Amino acid sequence: MIRAGRLQYVQTMSDLADALGKSLGTVRNQKPYLAEGHPAPISSAKARNQLWDSEQIKAYYAGEPVPELTTIDDDEDLLDRNEAAEVLGVDPVAWNTYKKKDPDLAASVVMVPEGPKGTEHWPRRVVLAYKNSRPGRGAGGGRRHGSGDMIPRDEILPRIAELLDADPAVTVEAVSNTLGIAMFPTAQSGLATLRGRRIADLIEKQPDLDPKNAALQLGYPPITHRAAVAFAERELRARGDQPYLQHTADILAAAGIAQQAQVEMRQLDGGAVAAAVLLETDQPAAAAVWDSRYGWRTSTSRRHPIGKDTDTPPEGEGIRYLGSGLRPEPEELLAALRDGRKGTKRPHTKP
């Protein structure tokens with residue numbers, strides 16, 4: 001987090017590269033910030049953009065004692081999405097929904113650094129005010145017989161997460177009645193998704209842990225294990241692909257052809273995963289899409305770049321499959337996107 005009064009000292013990776021007299025690509029490749037004794041980032045561990053305190057960085061490279069930052073929380077501390085979610089005790093995906101729906105959160109966002117490529121932060125006091133103003137669990141009044149889901153789709157997972165926080169053994173029926181959503185598939189799928197994500201979180205912290213034992217450790221009833229474990233295994237595979245995709249997206253953004261953003265993974269039927277990187281509006285394609293079955297391709301849609309989940313690879317006008325293999329080097333993909341003659345109408349690989 002950015003401690004109160006320290007905003008002026010925030011340093012991005014680009015700033016770090018400038019201070020070292022190196023290119024941003026060189027710093028990304030050499031990773032000098034991982035050296036023993038180097039000041040730790042002030043951003044959260046899972047933040048898309050790493051940030052440092054410039055006074056700490058300056059002292060370190062001058063061979064001087066690195067000043068310590070306060071560990072005392074202040075209402076004016078700036079929190080990123082992961083830190084804000086932690087204050088509320090919810091998943092970051094839930095915070096993504098809250099920040100869009102609540103006008104105070106939307107009005108209080110601070111971009112660090114300033115501009116469209118910055119990372120969103122919120123003052124701690126604003127996050128705490130939102131937390132204290134939230135309605136108690138159980139709002140919704142139950143689902144009328146024969147009715148559809150009674151809350152917006154993008155609020156379903158965050159609301160289920162609250163119930164799961166309160167009771168790891170919460171049932172599909174209880175979720176349905178409390179939130180006013182259909183038992184099947186809405187409540188059932190939502191619970192399996194969230195339990196799977198949390199099993200994956202625990203295994204990342206304890207790599208030797210078996211998924212079923214992780215489910216037991218989290219207090220999930222045995223009857224729920226099969227679906228939750230299956231989702232967790234797919235989630236872990238997706239997280240394994242995410243660093244490559246984020247690195248590639250960062251390279252495309254640094255080259256000026258893609259929008260800087262955190263890559264979001266989407267699970268597809270059959271265990272496949274996909275992700276999309278939106279390209280700048282002056283590019284011929286709307287997005288570059290990666291599919292674990294087919295590799296990279298272009299997409300003509302900005303709103304739904306991944307498209308429908310089907311067993312056959314998408315084909316048609318404006319779709320080119322790019323690069324060699326499932327994980328081409330970012331530079332190879334960049335060259336293919338810049339050269340409209342490169343690519344094929346169909347993928348080189350088969351699922």
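In this predicted model, helix H8 packs against helix H9 (residues 172-179) at an angle of about 125 degrees, and the two axes are 11 Å apart. H8 and H9 are therefore oblique to each other, and the crossing of H8 past H9 is right-handed. On the H8 side the residues involved are Arg159, Ile160 and Leu163, which meet Val175, Thr178 and Leu179 of H9.

Helix H8 (residues 153-166) also packs with helix H10 (residues 183-205): the axes come within 10 Å and cross at roughly 65 degrees. An angle from 65 to 115 degrees counts as roughly perpendicular, and H8 and H10 are therefore described in that way. The crossing of H8 and H10 is right-handed. H8 contributes Ile156, Leu157, Ile160, Ala161, Leu164 and Asp165 to the contact, while the residues from H10 are Thr186, Ala187, Gly190, Leu191, Thr193, Leu194, Arg195, Arg197 and Arg198.

H4 passes H7 in a crossing that is right-handed. Ala84, Val87 and Leu88 of H4 make this contact with Arg124, Val127, Leu128, Tyr130 and Lys131 of H7.

A pair of aromatic rings is described by the distance of the centres and the angle of the planes. The count of aromatic pairs in the model comes to five. In one of them, the rings of Tyr33 and Trp52 have centres 5.4 Å apart and planes at 45 degrees, so the pair is tilted. Tyr33 belongs to the loop between helix H2 (24-30) and strand E2 (51-53), whereas Trp52 is in strand E2, so the pair ties together parts that are 19 residues apart in sequence. Tyr33 and Trp52 are buried.

Another pair consists of Tyr98 and Tyr130, with ring centres 5.5 Å apart and planes at 45 degrees, so this pair is tilted. Tyr98 is in helix H5 (residues 92-101) and Tyr130 in helix H7 (residues 124-133); the pair links distant parts of the chain, 32 residues apart. Tyr98 and Tyr130 are both buried. Tyr98 and Tyr130 also belong to a cluster, in which ring pairs link them with Trp95 and Trp122.

With a relative accessibility of 37%, Lys31 counts as partly exposed. Pro39 is found in the loop between H2 and E2 as well, and with a relative accessible area of 6% Pro39 is buried. Leaving out residues up to four places away in sequence, Pro39 touches Trp52, Gln56, Ile57, Tyr60 and Val66. Among these is Trp52, the ring partner of Tyr33. Pro39 and Pro67 are 28 residues apart along the chain, and their C-alpha atoms are separated by 9.5 Å.

Lys101 is found in helix H5 and counts as partly exposed at 45% relative accessibility. When neighbours within four places in sequence are set aside, Lys101 is in contact with Asp154 and Glu155. Lys101 and Glu155 are 54 residues apart in sequence, and the distance in space is 9.3 Å from C-alpha to C-alpha.

Val112 and Pro113 are joined by a cis peptide bond with omega of about -10 degrees, and Pro113 lies in the loop between strand E4 (110-112) and strand E5 (119-123).

Methods
Residues are numbered from 1 along each chain as its sequence is written. This is a predicted model: local features need pLDDT of at least 70, side-chain atom pairs count only at pLDDT 80 or more; totals for chains, interfaces and linings use all residues. Side-chain values use heavy atoms; hydrogens and water are left out. Rings of Phe, Tyr and Trp (its six-membered ring) pair if their centres lie within 6.5 Å; planes under 30 degrees apart count as stacked, over 60 as edge-to-face and the rest as tilted. Helices (H or I, at least four residues) and strands (E, at least two) are DSSP runs, numbered from the N terminus. Buried means under 20% relative accessible area, exposed over 50%, partly exposed in between (1.4 Å probe, protein chains only). Axes are lines fitted to C-alpha atoms, for helices over the stretch in contact, and angles run from 0 to 180 degrees between N-to-C directions. Angles under 35 degrees count as roughly parallel, over 145 as roughly antiparallel, 65 to 115 as roughly perpendicular and the rest as oblique. A crossing is left-handed if the near helix is turned anticlockwise from the far one by less than a right angle, and right-handed if clockwise. Contact means heavy atoms within 4.5 Å.
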